[in-house]
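Here's a quick briefing on a few local spots worth a look.

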Amino acid sequence: MSFILGGLESESYDRVYTDRELIRRGAVFFRPHGGAFILVAIVLALNSISDAVAPILVARAIDLAASRPTTLFMAAAASGVLLVGVVAWALNYVRQRVAARIVGDVVLKLREEVFRNAVNHDMSFFDEHPTGRIVSRITSDTQDFSNTVSLVIDLLSQVLVVLVLTLYLAWINWFLTVLLLAMAPLATVIALLFRKIARRVTLDAKRATATINGHMQESFGGISVAKAYRQENRLYRDFKANNNLAYRVGLRRGIVMNLIFPLVGIAAGVGTGLMVFAGGLALETAPPAERGFAALIAATRAMTPGEWYLFLQAVGYFWWPMLGIASFYSQFQDGLSAAERVFALIDAEPSVRQVDRSGEEDSSPPPRDRTRSGHITFEGVRFSYSDKEEVFSHFSLDIPAGTTVALVGHTGAGKSSLARLVARFYEFQGGRILVDGEDIRTLDLAAYRRRIGFVPQVPFLFNGTVGENIRYGVPEATDRHVRDAASHVGRGDWLEDLPRGLETPVGERGAGISMGQRQLVALARVLLRDPAIFLLDEATASVDPFTEAQIQEGLETVMRDRTALVIAHRLSTIVNVDRIIVLDQGKIIEEGSHHQLVESGRHYAELYNTYFRHQSLEYIEAEPPDGLNRTTSM
C-alpha cells in the first residue's frame with residue numbers, strides 16, 4: 001500500500017471527528033434554510049409518489065388491455081402515463097432548483113468562514129503549510145461537503161419510492177413482498193462494509209489533490225527562477241510524480257467506490273430471478289399447487305399478469321433505490337471527509353494569541369493617536385520558529401518614540417525577526433514586548449496593526465491600479481487623499497513616469513511596473529495610513545540613482561515623526577538614522593551612530609567596509625576612471 005500512498009501527508013492541524021460531530025457542525029450551515037427544506041420535502045413527497053405511480057399505471061393498463069384492447073383505451077392509458085411523467089419532471093425540476101440554491105448558499109457561507117479563519121492565521125501558519133493545500137480545502141472540499149445535501153435529498157426520494165411501492169405490493173401479495181424485503185439486509189451489510197474504507201480512500205484522494213495543487217501553485221509562483229536556471233524539466237518531473245500519485249490514489253478510490261454497484265447489481269439479479277419464479281407460481285392462470293413453497297404462494301391472493309409485471313419491475317424500482325440507500329454511506333463518507341478537512345482548517349489554533357480582556361478592547365478603527373506614539377520595549381524576549389533553534393534567547397532593547405533605528409548584521413542575525421515580532425506576525429515564547437507601556441499581547445490585534453505600517457523587502461502589490469494599491473490600507477480614503485500621499489513620496493515626480501498616473505494597472509504581483517515604482521507605491525500606502533510605527537525591510541534590488549533618490553526622499557517623509565525600525569541595506573538610510581543596532585546570532589553586539597561605530601573599528605566597521613563603503617560618495621569619487629585598480633570586498 002505504501003507505493004500508492006507514499007508522498008501523502010496530513011497537515012499538523014488535521015484532526016479526527018466523529019460522524020456525529022461533523023453532521024452537527026454541518027447542520028449549523030443548513031439551519032437558516034429551514035423554509036426551503038420544507039418546500040423540498042413537500043415537492044419530494046409528491047415527486048416520489050408520481051415516480052411510484054407510473055409503474056402501477058402500466059401494470060393496470062396491462063390487465064385492462066388483456067381484457068379490452070381498444071384503441072381508445074390504449075390512447076387513454078398512454079396519455080395517463082405521459083401525464084404522470086410530465087408531473088414528475090416538473091416536480092423534480094422544482095426540487096433540483098431549490099436544492100441547488102441551498103447548496104450554493106451553504107458553499108458561499110462555508111467558504112467565507114473558512115477563508116476568514118485562514119487569513120487570520122499568523123505568518124508561521126503559512127510558513128508551515130503550502131498555500132495550494134489551503135486553497136484546495138477552501139474550494140474543492142467546501143463544494144464536496146455541500147453536495148451532501150443533494151445526496152441526502154436523493155436518498156429520501158429513493159426511500160419514499162420504495163415505501164410507496166412496498167405498501168402497494170404488500171396489498172397485492174404479502175408473501176412476495178416479504179421475499180423482496182428479505183434481501184434488504186444484504187444491501188445494509190454491503191453499505192456497512194464499505195463505510196470505513198470509503199472514508200479512508202476519499203481522505204487520501206483529497207490529500208493527493210491538495211498536494212498537486214500546492215506543487216502547481218509553487219511552480220507557477222517561482223516560474224521566473226525556474227526559467228532563469230533552466231529547470232522547466234525538473235518542474236515537469238516533479239509534477240509528473242505528483243500527478244502519478246494522484247492517479248494511483250484516484251484509481252484506488254474509484255475501484256473501491258464503484259465496487260459496491262456491481263455487488264448490489266448481482267443482488268438485484270438474484271431478486272429478479274426469484275420474482276420470475278415465485279410470481280409465475282402466483283398467477284391466476286397457474287395450475288393449483290398442493291404443497292411446499294408453491295402451496296405457500298398459492299395461499300395468498302392470485303395475481304394478474306399486470307401485477308406480476310409490476311413485481312418484476314419492482315425489483316428495479318426497489319433494488320436500484322436500495323442500491324442508492326446501500327451506497328449512501330460510501331458516498332456520504334466523501335462529503336464527511338471533505339467536512340473533516342474544512343473544519344480542521346477552521347478549528348486550527350493560531351500561534352499568535354491575544355490575552356482575553358473580556359470585551360474591553362476597542363476594535364473600532366481610531367485615527368492615529370499622537371499620545372500613543374510608538375515607544376517599543378523588548379524585555380527578555382525568547383523566540384524561535386517552530387521547533388528550530390532559538391533566534392532570541394533573552395533579548396532586550398528600548399526604542400523611544402519617534403526614533404529611527406537601523407538593524408544591521410549578517411543573514412540570520414535576527415533583523416527580520418524583530419520586525420515580524422513587533423508586527424505580531426509570529427508569537428514569541430517568553431518575555432514581553434511593550435508598545436507605549438502595554439504588552440502587545442493584551443492589545444486588540446486588529447486595532448494594534450492599524451498603528452503599524454510595514455513594507456517588506458519585495459513589496460507586494462495586488463492586481464489593480466496604482467491608486468487602488470495605495471488605498472489598500474485605508475479603503476475609505478478619497479482620491480484626493482490618495483493623490484496627496486503619492487505626491488508626498490519623492491515629491492510625486494515618479495507619478496509622471498506612469499503611463500496613466502494613479503490609474504496605471506500594476507499587473508499580477510506588481511509585474512507591470514518597475515521594482516523601484518513598487519517600493520514607492522508601498523511607501524505611499526504607508527503614508528496614507530499614517531501609522532505610529534513604521535517597519536521597513538529595505539529592498540536590495542538595484543535601481544537607477546534617480547529612483548533611489550526618490551525612494552530615499554520617500555523614506556525620509558514616511559519616517560518623519562514616527563518610530564521606525566529599518567532593516568537597512570542602503571548606506572544612505574543607515575547614515576541618516578538616529579541609532580544603529582548591530583546584531584549577531586540574536587544578540588546586540590554594538591549600537592550607536594554611523595560615525596561612532598565606524599570609528600570603533602569593530603564588527604560594524606567590518607560590515608561597512610564589506611557591504612556599504614562602495615555606496616559612499618567618497619568611494620565613488622575616488623574610483624579610478626578605468627575602474628581596474630580597486631575591488632570591493634563583496
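Let's start at a strand pairing: in S10, Glu590 is the bridge partner of Val582. Keep in mind that this is a predicted model, where local features need pLDDT of at least 70, side-chain atom pairs count only at pLDDT 80 or more, and totals for chains, interfaces and linings use all residues. Residues are numbered from 1 along each chain as its sequence is written, and side-chain values use heavy atoms, leaving out hydrogens and water.

**The hairpin**
- S9 (residues 579–584) and S10 (residues 587–592) run antiparallel and share 5 bridges; strands are DSSP runs (E, at least two residues) numbered from the N terminus, and a pair needs at least two DSSP bridges.
- There are 2 residues between the strands, and Gln585 has a positive phi near 55° in this hairpin.

**Helix H17**
- Val482, Ala485 and Ala486 are buried in H17 (residues 479–488), buried being under 20% relative accessible area with a 1.4 Å probe and protein chains only; helices are DSSP runs too (H or I, at least four residues).
- Looking down the axis of H17, the buried residues fall within an arc of 95°, so they line one face of the helix; the arc is taken from the directions from the helix axis to the C-beta atoms.
- Their cover includes helix H16 (466–470) and helix H18 (515–529), with contact meaning heavy atoms within 4.5 Å.
- After H17 comes Gly490, with a positive phi near 60°.

**Helix H3**
- Leu46 sits in H3 (residues 34–67).
- Leu46 is partly exposed at 44% relative accessible area, a label for values between the buried cut-off and the exposed one (over 50%).
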